[in-house]
Amino acid sequence: MIMKPKRNSRYREDLSDMPDWLRKKKCPHRDRYLSGKRILPKNLTGKESVEYLVDEIFLAYNSARLKEGCQLFVQKMLEPDVTIGMSLSGALTPAGLGCSSIIPLIKAGFVDWIVSTGAILYHDMHFALNFPVRVGNFKFDDTELRKNDIVRIYDVLIGYSDCLMATDEILRSILIQPEFQKEMGTAELHYLLGKYCAEWERKAGLKDVSVLAAAYRAGVPCYTSSPGDSTIGMNVAGVELRGNKLRINPSIDVNETTAFVLAAKRSGGKSGVVLWGGGSPKNFMLQTEPQIQEVLRIKEYGQDYFFQITDARPDTGGLSGATPSEAVSWGKVDPDRLPDAVVCYTDTTIAMPIFTHYALAKHKPRKLRRLYDQRATMVKALTREYFKHNKVKMLDGSDPVLD
């Protein structure tokens with residue numbers, strides 16, 4: 001029997017308009033599975049907006065995952081009561097993504113705290129100093145580049161003496177200033193560096209080119225999970241040989257970032273993460289929940305929202321922090337919130353500008369949360385809850401002083 005399709009018809013449970021063989025077959029959930037949007041996009045004309053492409057053309061595979069992540073971010077994560085952490089890995093600032101995408105997200109209040117590789121923040125300083133980073137070619141002869149005083153990051157070129165070495169010299173002159181002569185976490189380190197970056201921008205007549213400067217102005221704390229694993233850390237170690245008193249304490253970072261997540265939940269709000277790539281920054285951001293539950297023994301349930309862009313694979317053990325479903329087993333993601341967890345397997349340099357444009361086009365700016373200014377208060381609240389749940393004393397046997 002040949003059936004004529006009915007215009008705009010949908011499958012119905014009685015199957016009255018279906019062939020006999022299909023009507024007799026028991027398919028109790030068929031209608032639910034086939035309830036998705038029909039794939040029949042209009043021809044592109046060249047006049048479409050980016051947000052139209054995302055919503056109407058990104059229909060399958062990783063384009064659809066990018067769409068889901070963009071929509072999750074705009075429709076749920078940007079609600080006023082959601083605290084958003086963003087992890088950054090890969091050479092993003094040399095590729096210009098600091099200027100094009102990360103800074104606009106910070107200024108719009110779309111990111112509340114950051115965990116980054118130190119290298120991203122180090123190379124960000126070139127932009128604040130107005131030292132040029134140039135487009136190159138990944139096919140260039142690296143021996144020739146070395147002879148010509150040039151370093152290569154795939155197809156990005158940076159002058160060795162007039163950019164890298166010059167940045168290092170200025171950085172060392174800053175690290176020996178009085179305000180750095182103490183123990184601190186990386187948020188304070190980067191905040192102080194951001195103050196200098198903001199001044200360099202101003203003197204050079206530049207506007208919004210440095211992530212560190214933008215984060216300083218917006219009160220967005222920037223952490224790095226491996227303080228020694230970048231040229232910033234290398235210079236910190238170098239001036240220590242000369243007697244510099246700066247000491248980076250990673251425990252400060254662990255407690256502050258954990259306090260942000262707990263404060264978000266205890267205020268009646270939610271916590272979400274946007275993860276660009278993987279590596280140590282991703283794990284450092286996600287470990288806040290196991291720190292609350294496993295180490296501090298405070299009852300909690302994991303992140304509410306999760307969006308990651310990665311090109312890694314879970315089956316080789318290389319997808320740092322694993323998939324959202326696996327992260328549930330560690331308490332990193334609330335199992336009841338898995339529908340609000342998206343992983344898109346693609347290149348950050350493709351996805352981040354699309355994501356940023358979509359968010360700015362679809363959502364008005366949020367009020368800056370300025371978590372940097374609230375670190376001490378939130379850590380005190382974390383400390384109080386820790387002692388309340390564990391009934392322990394200080395290691396010297398005294399009672400904790402909880403004001």
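A pocket is an open set of grid points with protein on both sides within 12 Å along at least five of seven lines, and its lining residues have an atom within 4 Å of a point. In this predicted model, the second largest pocket is lined by 17 residues. G90, A91, L92, D347 and T349 lie nearest its centre. The volume of this second largest pocket is about 320 Å³. Its lining divides into 7 nonpolar, 7 polar and 3 charged residues.

The chain as a whole has 403 residues, and 46% of them count as buried. Its secondary structure comprises 17 helices and 11 strands. Along the principal axes, the C-alpha atoms fill a box of roughly 90 × 65 × 40 Å. Contacts between residues at least 6 apart in sequence were also examined by separation. Of these, 73% join residues at least 24 apart.

D253 lies in helix 12, which spans residues 250-266. D253 is buried yet forms no salt bridge. The nearest side chain of opposite charge belongs to R375, at 7.2 Å. A salt bridge requires a side-chain nitrogen of Lys or Arg within 4 Å of a carboxyl oxygen of Asp or Glu. The surroundings of D253 were then listed, leaving aside neighbours within four places in sequence.

Conventions:
Residues are numbered from 1 along each chain as its sequence is written. This is a predicted model: local features need pLDDT of at least 70, side-chain atom pairs count only at pLDDT 80 or more; totals for chains, interfaces and linings use all residues. Side-chain values use heavy atoms; hydrogens and water are left out. On a 1 Å grid over the protein atoms alone, a cavity is a set of points where a 1.4 Å probe fits but cannot get out, and a pocket is an open set with protein on both sides within 12 Å along at least five of seven lines; lining residues have an atom within 4 Å of a point. Grid points are joined across faces, edges and corners, and a volume is the space filled by probe spheres set on the points. Ala, Val, Leu, Ile, Met, Phe, Trp, Tyr, Cys and Pro count as nonpolar, Asp, Glu, Lys and Arg as charged, and the others, Gly among them, as polar. Helices (H or I, at least four residues) and strands (E, at least two) are DSSP runs, numbered from the N terminus. Buried means under 20% relative accessible area, exposed over 50%, partly exposed in between (1.4 Å probe, protein chains only). Lys and Arg count as positive and Asp and Glu as negative; His and the chain ends are not counted. Contact means heavy atoms within 4.5 Å.
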